[in-house]
Amino acid sequence: MWRPDPSILMLRYIYRRLLHLIPLIIGMTFISFLIIQLAPGDYFTRMAMNPEINPATIAQLRQEFALDRPLIVQYFRWVFNICHLNFGVSFTYHIPVIFIIKGRVLNTLVLSVSVMILTWLISVPLGIFAALKENRPPDRILSGLAFVGISIPSFFLALLLLCFSAKSGWFPIGGVTSIGYEELSALGKFGDRIHHLVLPTLVLVICSFGGLFRIMRGNFLENLRAPYVTPARAKGLSEKKVIYKHILRNSINPLITIFGYELSGLLSGVALVEIILSWPGLGRLMLEAVMTQDLYVVMASLLVGGVLLILGNLVADILLAFADPRIRYR
Amino acid sequence: MKEVLRRLKGRNKLAYYSFILLIILYLTAVFADFISPYPYTLQNRHLSYSPPTRIHFKETNGKFHLRPFVYQSYLKNPVHREYVEDKSKPYFIHLFPRGPEHKILGFIPTNQYLLGVKPPAVLYLFGADLYGRDIFSRILQGARVSLSIGLIGVSISFFLGLLIGGISGYFGGKLDTFLMRLTELVMVFPGFYLMLALRATFPTTLSSIQVYLMIIIILSFIGWASLARIIRGMVLSLREEDYILAARSVGAGSFRIILRHILPNTLSYTITAATLSIPGYILGESALSLLGLGIQEPQSSWGNMLAAAIGNLQVVTHFTWVLVPGFFIFITVMAFNFLGDGLRDIFDPKTW
């Protein structure tokens, strides 16, 4: 039987996934636009209340931002601009939104990715460990901790750790770098950044490790009793090989699927923690923009948040296709 | 219901106790006016950020009382807000003292409270906030908002989820594709970002009732999509069952089949899913209020009480008791999670 080259299959799979994204992204821009149009008034309504500003100036500004045109025109104009990475101009900072948002997205990505990596590194081995010690004290303790981690609100934990670190002075609070950052050596700069990263990462890892841990433990237990384990043992494989080559590989796959679902929660959690621990990320930017009704920044943040989620899901799907050949053939 | 509780008690003790804890929490919220020692808006400016009142049994001269008492505290150092107790005179804690008139359950007028001490001493079990208001009383009042929003929000999402998921799964085809694309559109944004964006669509200043409704609308709008998808999945498998064919062959209409035959069969799963999704609503409300976008002062909710601690390191480090409402959010969320887990255990046919 003719079998296509695996790498072509993979490419075809990725291509199809990308095609699937197009309607989703169009819908996304539409929803972002619609939500913001529903907002009462715009930045200029507030400006108009200021008697020192000439109404003619405001009318001129409105025209500049095309706010006096029909909605549909505004929408297409906005989408057209986005395709050129022009997200409009922030009303508050008077600079293009793209300049504000770039650094913020980077900070959010750094935080999310480090949380993700650490969560996986912690919860997968612990999940295996707990499953192997099922119902014995180590399993009980870990499962209990996982439950606390799932249930504790991220903002509450952030406040608790804030209190702790302010009292102990172990970690800097707020920001990405210290005040004297520019004078540090390259290594010192890196260390300084890591030092600032510790607190928000810690909060989010504690909050997100529980979910992954429980799924890993459950999968592992299920696979431990699966029929294929008996022949593996019967043919004389060492227990180590049975666990790490057979059971582990089978129980990780569903985890990658979950990764996509968890991502939405993770991004939300990151945004909240950013706000509380003054980490200058996308979530914090969006809150500031909502408070000052800085329309274009709100739209851009919402859109970029959605894009991050979509990209994360895409990465998860591709990883899954790599890990599980059955998916590629579908 | 009784059967479920009995099985819960037998299989999963933790879930059973969580259920009892939740009932207690909801009851205290209902009787908040009576249980809280002070009206939640009562300000004592001279007691700003005073620590939790200590309850004593033994006087400084060694005299022991069976009845607990407190001392009056006064501000010793206004800069650091240090309070000391005046140990010269004990104030006993009274049961059912009289205070300002209020109404239990909104219609039984009374001037009695559960606990209290004679002024000028105060009974601040969890300390005071910036305006010298009793944090304990405010927590009880805030429980009304925080706990009820979870229940109402989940009911609305559920109604929408059942309706849309049921229709989508039962009819299938183009309608199904369309409705599922719709849920994808809601789920394509991270929840928190969508919540902030939706908040921006409402005016900044609203009356307290309007804010309450707004939060419910926002949270239900975000929540219905995932529920609809879960229910659609279940309906898809159920509609192939023989008894559905039987119902159709005796001439039952589509909506009758969906409402009377299919949805009741998904009930055990949907109740579990509902229980597990209530924490999301409670956390959503808290997060909004915490950021100053939800419930506004002088109304209290668990979220907006924590707002005092945001961006104010001084408060967090020196007056740690302002974080107590967060602890209440935590145990409520945990109780719902335990209960949901327990329900899943007993409803899962595999484990019977």
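**Domains and a helix of chain B**

Tutor: The C-alpha centres of domain 1 of chain B and domain 2 of chain B lie 39 Å apart. This is a predicted model, in which local features need pLDDT of at least 70 and side-chain atom pairs count only at pLDDT 80 or more, whereas totals for chains, interfaces and linings use all residues. Residues are numbered from 1 along each chain as its sequence is written, chains are lettered from A, and side-chain values use heavy atoms, without hydrogens and water.

Student: Where are the bounds of domain 1 and domain 2 of chain B?

Tutor: Domain 1 covers 48–131 and domain 2 covers 137–351; such bounds come from an automatic or database domain assignment.

Student: What area is buried between domain 1 and domain 2 of chain B?

Tutor: About 690 Å² is buried between domain 1 and domain 2 of chain B, with 74% from carbon and sulfur atoms. Buried area is the accessible area (1.4 Å probe) that two parts lose on being put together, summed over both.

Student: Which three residues of domain 1 of chain B supply 68% of the area it buries against domain 2?

Tutor: They are B:Tyr49, B:Phe126 and B:Asp129. B:Asp129 also forms a salt bridge with B:Arg138, with the closest N and O atoms 3.8 Å apart (the rule requires a side-chain nitrogen of Lys or Arg within 4 Å of a carboxyl oxygen of Asp or Glu).

Student: Changing topic, where does α7(B) bend?

Tutor: α7(B) bends by about 30° at B:Trp224, the bend being the angle between axes fitted to the seven residues ending there and the seven starting there.

Definitions and conventions:
Helix = DSSP H or I, 4+ residues; strand = E, 2+ residues; numbered from the N terminus.
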